[in-house]
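Here are some notes to read beside the model. They take chain B part by part, then turn to one helix of chain A.

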Amino acid sequence: MKMRVFPTMTIFSGREFRISGEILRKHGSYIALFILVILSGIIQPIFFHPQNIFNLLLKAAPLGVVTLGQFFVILGGGFDLSVASLMATTNIIAAAGMYGRDEMCLSVSLLCLGLGILVGLTNGLLITKRRIPPFIMTLGMMIFLQGVRFVWTKGAPFGTIPPALRFIGKGSIGGIPLSVVLLAILAIGSFVVLTKTTYGRQLYSTGGNWEAARLSGVNVDRVIILTYIISGFMAALAGLLLTGYLGLSDNWAGKGYELKSIASVVIGGAALTGGRGTIGGTIAGVLIMTILDNIVLLLNLEVEIQMIVEGIVIIGAVAFYTARKSH
Amino acid sequence: MADNILEMRNISKAFPGVQALDNVFFKCKKGEVIALVGENGAGKSTLMKVLVGVYQPDKGEIILRGKRVKVANPREAQKLGISIIYQEFNLLPYLNVAENILLGREPHRGPIMNVSELYSQADEWLKGLGIDLDPQTPVYKLSVAQQQMVEITKALSLNANLIIMDEPSSSLSGHELNSLFERIHLLQDKGITVIYISHRLDEIFEVADRVTVLKDGKLMGTLDCKVTEKSTLIRMMVGRTLDETYPEKAEIGVDRKEVFSVAGLSSEGKFQDINFKVHKGEVLGIAGLVGSGRTELAKAIFGAEPRDKGEIYLNGERVGIDTPNKAIKSGMGFVTEDRRKEGLVIGLSVRKNITLPSLSRIARLGFIDSKEERKKVKGLVRDLDIKTPSIDWEVEYLSGGNQQKVILAKWLTAMPQFIIFDEPTRGIDVGAKAEIYHLMRELAKKGITILMISSELPEILGMCDRILVMHEGRIAGELPSKKATEEEIMFLATGGK
């Protein structure tokens, strides 16, 4: 019988072509971040002032934390719209529960984180076991939490934020904001989980091909549920950081963070269909979103301009990645 | 010749790793039924996809009614009067028969669709072919055979004068087949040319005037059906004797240990009362038509789909398998029918795909031992001769045969004692096929028990030690492979008693 010998060129056709495209796709968000930083510095030199960098990072921390959670969910092929509503809910609980008392800070914080886990577990269970689409489930959860908040506070949040939480959200040690240190630890932890553990491998596989992962013995439901739990936990933590940063209670604290976090993940190069993306890219996405906000402020433009720019950047980022992929 | 409605000349088309068509000539005359035969992977479908503009040929030209044409896409083909009816129909299930037949060409009165005209037009087309169907029936309620009739009517209503039917008989029963042949002859009377793709030779002698044979992408010849012997045709199609491709079988003695068995396995609407045993080192084949419940049975055994009744025994012990995870833990592997959808995570590397079912074996406290992983994967890539530039290469860029080997390697890491292969050589070229066969037989020699599902009869006959034939969800019979013939299998598979 005749064995066909493959000429190497035909099996791996297009390899050389792919490499430059591959580099752009894998590192596009870093290149974009670098260009944005340089451009911002040229347009407005104050951008590089240490105080501005400090403010910028401080502001990036809560968004960064919630985006890390969002990234896990998106890797699994879903997304979580309930995170911002959860952030506002922890804000209200923290203010009312702590009422300015430092000694209540730890216990109420733990309560908030517990709530985050519970919300994530509920999302995850209903999405996997009852097959409710993530969009509907987390949208419903967002509205539900909003309702609970308003019923409880009757529209007027009460309570105050204790100094300890304010310090966590706004303070710094040796010139480095505490919340940024926390974000860095969480990002490194997430990186390790995603690249070194069986869970990380199973998550990439499940997001990349749910059926193949399932048939390879991956407990896909458990993998997905865990992503929502992580997202809920991170959102609650981000809510606490934001509470400390703002120093007040607000029914709408964190408004818009669900979409901002999804946008950051997408700008970071992850596929919305799941299975593709990196922690580094995601953090770059968070920084790009935050710098865009920052530069608009520095230029004394109206805040609304921010939205116009962000809208363009999000669509542009996705257009860039999809164009790359079709090569 | 002047009466050639279509001539395809010097057609060549290559895909990564395989020359799908190599300088093929194909001609057909007005009003004839011409069969196109060849084994899977011979290039039949590729040739037709070139004709309807799904693929562009690397070389060659198409001459339609004496004029050279370039078919850029399927729409263009339709305008040229060429229609193709695929194995999987392109009907919209929630629209009715009339809406499907006249899709995009609905009669209008001003901007409003003229519904009564729609039904009467559709009815006329149906009656023209002697098809008894209510045009208002939604398509999802129709049987496969009836849906096929709708497809044929639709093709005719598009004013096609060349209709291609890709494996039209694959899921039809006896009288449905006769009804199909009647329609084909009616089309022929109207002067329409029908290209009939199939690998069932008996049908071809019944319906076709001439037959063109392809093998490994090359034209073997065109014969007149009236004066051709079946054996001549088979020799042209196969061009080799069985033992050249298939490894030698094992001698199965009576003292072999029973490894796997099922008793009374049933799943409503899919399969009923399935009983069989497999012995250590044996290759048991399951043959049957598409839709006979083979894949559903395999998935249920593997815990990937629910079942209603029945027990599964591994090494004589009852096992409660209800998830793939449990199946793998009790020593089973499953090479699925569809590589891209079910077998591989296409965007991940060779390494990550191979270790997916056995991560816990190379991990400590949830952390993957990457040295151990690389060592294991490299060993398998070498043993199975997987052609990849590195173990970190994404599987997406490998050829079909190498992808299949990655899937095989993946199951070997989980150290199974029983592996199900569902269509293990679908869509891979002849050389890679032989390699897969040898690998399977080697596994069997090492004592791994194999259940092999396949639609390709030569493969079933060449590989299996014993053959079960399924028909409409039941086991229609068991044949020892030494004495079995393709005819016997087909007889059982089509419900013969």
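Into which domains is chain B divided? The points below start there.

1. **Domains of chain B.** This is a predicted model, so the points below describe a prediction. Chain B is split into domain 1, covering 4-243, and domain 2, covering 244-493. Their C-alpha centres are 33 Å apart.

2. **Overall build of chain B.** Chain B holds 18 helices and 24 strands. Its C-alpha atoms fill a box of roughly 70 × 50 × 50 Å along the principal axes. The radius of gyration is 25 Å. A compact globule of 497 residues would come out near 23 Å, so the value for chain B agrees with that expectation. Of the 497 residues, 46% count as buried. Now take the contacts in chain B between residues at least 6 apart in sequence: 67% of them join residues at least 24 apart.

3. **The sheet 2-1-4-5.** Four strands of chain B make an open sheet, in the order 2-1-4-5, with antiparallel pairing.

4. Strand 1 and strand 2 of chain B pair antiparallel over 8 bridges. B:Glu7 has B:Lys27 in strand 2 as its bridge partner. Strand 1 (residues 4-15) is also joined to strand 4 (residues 59-64) of chain B, by 5 bridges, and these two run antiparallel. There, B:Ser12 is partnered with B:Lys59 of strand 4. Strand 4 in turn meets strand 5 (residues 67-69) through 3 bridges, again antiparallel. B:Leu64 finds its bridge partner in B:Lys67 of strand 5.

5. **Two hairpins of chain B.** Which residue takes a positive phi in the hairpin of strand 4 and strand 5 of chain B? The residue is B:Arg65, with phi near 50°. That hairpin has 2 residues between its strands. Strand 11 and strand 12 of chain B form a hairpin with 2 residues between them as well. In its turn, B:Asp216 has a positive phi of about 45°. Strand 11 (residues 210-215) and strand 12 (residues 218-224) run antiparallel and are joined by 6 bridges. One of the paired positions is B:Leu214, whose bridge partner in strand 12 is B:Leu219.

6. **The sheet 14-13-16-17.** Another open sheet of chain B has 4 strands in the order 14-13-16-17, and its pairing is antiparallel. Strand 14 (271-279) and strand 17 (317-318) are the edge strands. Each has a single partner strand, so one side of each has no neighbour in the sheet. Strand 13 (residues 258-267) and strand 16 (residues 309-314) pair in the antiparallel sense over 5 bridges. B:Ala263 has B:Glu311 of strand 16 as its bridge partner. Helix 10 (residues 294-301) of chain B lies across strand 13, strand 14 and strand 16. It runs at about 115° to strand 13 of chain B.

7. **B:Ser481.** Is B:Ser481 buried or partly exposed? B:Ser481 counts as partly exposed, because it has 19 C-beta neighbours inside 10 Å, while a buried residue needs 20 or more. B:Ser481 sits in the loop between strand 24 (474-480) and helix 18 (486-493) of chain B. Leaving out residues up to four places away in sequence, B:Ser481 touches B:Leu461, B:Cys464, B:Asp465, B:Arg466 and B:Ile467. B:Tyr119 is 362 residues away from B:Ser481 in sequence, and their C-alpha atoms are 53 Å apart in space.

8. **Helix 11 of chain A.** Helix 11 of chain A (residues 220-246) has 27 residues. From first C-alpha to last, the helix reaches 39 Å, close to the 39 Å expected at 1.5 Å a residue. Helix 11 of chain A is mostly covered, with 24 of its 27 residues buried. A:Gly247 follows this helix and has a positive phi, near 75°.

How values were computed: Residues are numbered from 1 along each chain as its sequence is written. Chains are lettered from A and ligands numbered from 1 in the order in which they are written. This is a predicted model: local features need pLDDT of at least 70, side-chain atom pairs count only at pLDDT 80 or more; totals for chains, interfaces and linings use all residues. Two strands pair if DSSP finds at least two bridges between them. Domain bounds come from an automatic or database domain assignment. A residue is buried if 20 or more other C-beta atoms lie within 10 Å of its own, exposed if 12 or fewer, and partly exposed in between; C-beta atoms are placed from the backbone. Two residues are in contact if their C-beta atoms, placed from the backbone, lie within 7 Å. The radius of gyration is taken over C-alpha atoms; the globule rule is 2.2 Å times the number of residues to the power 0.38. The expected span of a helix is 1.5 Å times one less than its number of residues. Axes are lines fitted to C-alpha atoms, for helices over the stretch in contact, and angles run from 0 to 180 degrees between N-to-C directions.
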